[in-house]
Amino acid sequence: IFKASVFSVVGFWGWLTWRVYKETNPGEQLPQSPLKENGNKRKNIVILGSGWGAISYLSKLDTTQYNVTIVSPRNYFLFTPLLPSVPSGTIDSRSICDPVRTIARATPGEVRYMEAQAIDIDPEARCIQLEHNSERFSVGDAFINDNEPIRATIDYDYLIYAVGATVNTFGIPGIPENASFLKESNDATAIRQKLFNSIEAARLLPKDSSERKRLMNFVVCGGGPTGVELAAEIQDYIDQDLCKFIPGIEKEMKVTLIEALPNVLASFHPRLIEYTKSIFKEQGLDLLANTRVQSVDKRNVYATLKKSDGTTEDVVVPYGTLVWAGGNTQRPITKRLASKILEQRTARRGLLVDDYLKLDGDDHIFALGDCTFTTNPPTAQVAHQQGHFLAEYFNKLAKLDDLEYSLSKDTDQSQKYDSKIERVKQSMLPFKYRHQGSLAYIGTERAVADLSWGSWSTVALGGSLTFLFWRTAYVSMMLGMRNKILVMTDWLKVAIFGRDCSKES
Ligand code: FAD
Ligand code: NAI
């Protein structure tokens with residue numbers, strides 16, 4: 001046993017050192033060039049986005065076969081499943097950000113990165129108009145742009161469209177002006193700052209003041225996984241750490257979760273929904289189900305409660321900090337692209353793609369992730385699997401292209417090439433999503449898990465062991481060793497010192 005333990009420990013540290021060394025010392029990359037070694041044209045791929053779909057695609061693509069450019073206004077990949085842990089300070093936002101340039105540098109072929117957003121796509125001309133929107137853009141010491149955005153155009157042979165979705169406010173008045181979202185890492189920092197601003201302002205007021213009560217209410221609208229996880233993290237923060245620095249705050253401060261449907265986590269197993277509700281009750285988290293938000297002003301959320309007898313009642317919920325987590329809608333650029341392709345005119349909820357993720361009506365654009373409308377849910381799990389699928393597809397497409405090129409140069413050998421071409425084509429199977437389950441953190445070191453093994457077995461788990469499983473699963477899902485180590489260090493820091501109460505996260 002002793003020998004086996006020593007062997008395992010040495011083996012583990014050896015493996016870890018090797019992984020870290022590989023990540024921090026990337027090898028030489030094949031430079032981009034117009035032609036491949038065999039004389040065939042090296043096709044240009046432009047990837048739009050640096051989220052789950054785009055980065056999963058890039059990490060599996062054989063980048064020596066294409067000239068790849070990745071374009072995104074966000075120069076890092078964000079590990080969204082741990083974003084709800086950032087406002088409370090359980091996780092540092094930088095621990096879940098992985099720079100695009102680091103990821104691009106780790107691939108075998110040169111990958112160019114452009115920090116810009118696509119503002120227009122011309123599917124006919126196969127080109128994209130880009131905009132770099134920083135207010136002051138400098139080259140060396142000289143400011144070349146004080147306020148006008150910098151624009152550029154880029155051509156593609158294939159476009160990998162993975163721009164994700166944006167927050168849906170359903171046109172509810174007052175939300176854009178007054179609520180925070182939880183979509184990007186700076187959203188998480190803004191929520192933390194608002195939370196502390198409200199607490200500090202409230203503490204200047206008399207204890208019985210209604211304004212103090214309002215400021216001490218942290219309201220989350222939307223009981224999907226984002227809203228539930230955020231509300232649970234904030235309630236934990238108040239009960240486990242803030243109460244040590246601000247005695248009595250746990251009695252004063254309230255977290256309210258407003259959901260239009262009868263239940264939170266509607267896509268989870270009914271047993272897990274009940275379990276979540278019981279944990280919320282135990283924690284004192286105020287759940288307002290069947291309550292649809294109608295409008296918001298600077299101080300209050302105005303909603304309609306649907307009662308069990310079918311009648312409705314107006315509800316006013318005062319808030320100090322307000323977060324809107326009501327779901328997704330398409331980005332304007334996606335709507336614009338859809339309007340240019342006849343087959344996409346009915347694509348209201350996302351781009352329509354075939355079984356190979358090729359856009360209906362265009363042979364050079366492939367789309368994946370939250371910007372598409374398929375039978376799969378808009379999750380990281382789906383975008384990740386789609387990214388890997390599409391990369392494998394493009395690796396085979398490069399082989400096919402080379403064989404067809406060789407055939408065009410050597411028509412005498414057509415039989416030899418035809419059979420090879422046929423074999424590659426037959427190996428290009430359509431995308432099939434394999435659901436591995438859903439996980440959500442619900443507070444007090446407990447999580448819920450809806451796990452499935454193939455189509456024959458599903459298991460609904462909830463509790464502290466599930467919480468350990470939740471943490472292990474998320475760390476294993478992270479792409480780089482750097483992020484895995486940073487996240488585990490954050491958890492260790494919180495276990496030893498607790499979460500701190502500075503305004504910065
Ligand atoms: P994204 O990951 O959103 O990436 C879109 C990218 O496109 C971004 O880099 C963006 O900057 C870029 N972009 C935007 N506009 C443009 C433009 N005009 N031009 C170029 N680039 C552009 N899913 C799970 O499966 N499990 C979870 O636990 C989970 N937790 C989540 C927690 C939170 C708080 C949130 C918000 C989501 C969570 N999700 C989870 C959902 C998951 O994050 C999304 O489904 C996933 O990110 C979709 O991947 P995507 O590549 O389509 O889009
Ligand atoms: P969502 O669409 O899953 O949930 C939004 C919730 O807001 C819904 O329950 C809806 O009924 C409610 N809502 C909408 N309008 C409302 C109104 N006017 N008043 C009150 N409630 C209203 O959105 P969410 O949670 O942002 O998730 C988006 C996607 O990301 C989903 O596919 C989800 O599965 C995924 N995700 C997964 C996570 C996980 O697996 N742990 C964590 C976070 C997101």
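Residues count from 1 along each chain as its sequence is written, chains are lettered from A and ligands numbered from 1 in the order in which they are written. In this predicted model, local features need pLDDT of at least 70 and side-chain atom pairs count only at pLDDT 80 or more, while totals for chains, interfaces and linings use all residues.

**Exercise 1. Describe the overall build of the protein chain.**

Step 1. Take the secondary structure. The protein chain has 14 helices and 24 strands. Helices (H or I, at least four residues) and strands (E, at least two) are DSSP runs, numbered from the N terminus.

Step 2. Take the extent. The C-alpha trace spans about 90 × 65 × 60 Å along its principal axes.

Step 3. For 505 residues, a compact globule would have a radius of gyration near 23 Å; the chain has 25 Å, which agrees. The radius is taken over C-alpha atoms, and the globule rule is 2.2 Å times the number of residues to the power 0.38.

Step 4. Domain 1 covers 31-73 + 115-165 + 330-427, and domain 2 covers 175-328 + 436-497. The bounds come from an automatic or database domain assignment. The C-alpha centres of domain 1 and domain 2 lie 36 Å apart.

**Exercise 2. Work out the sheet that contains β17.**

Step 1. Find the order. Three strands form an open sheet, β16-β17-β18, with antiparallel pairing. Two strands pair if DSSP finds at least two bridges between them.

Step 2. Find the edges. β16 (291-296) and β18 (312-318) each have a single partner strand, so one side of each is left without a neighbour in the sheet. Neighbouring strands are turned by 30 degrees against each other on average, direction ignored. Axes are lines fitted to C-alpha atoms, for helices over the stretch in contact, and angles run from 0 to 180 degrees between N-to-C directions.

Step 3. Check the pairs. β16 joins β17 (residues 300-306) through 5 bridges. T291 faces L305 in β17. β17 joins β18 through 7 bridges. There, T304 has D314 as its bridge partner.

Step 4. Inspect the turn. β17 and β18 make a hairpin with 5 residues between them. In the turn, G310 has a positive phi of about 95 degrees.

**Exercise 3. Explain where ligand 2 sits.**

Step 1. List the nearest residues. Of the 28 around ligand 2, G222, G224, P225, T226 and G327 come nearest. A residue is near if its C-beta atom, placed from the backbone, lies within 6 Å.

Step 2. Name the elements. α7 (225-245), β16 and β22 (437-443) each supply at least two shell residues. α7 gives the most, with 4.

Step 3. Domain 1 and domain 2 both give residues to the shell, so ligand 2 lies between them.
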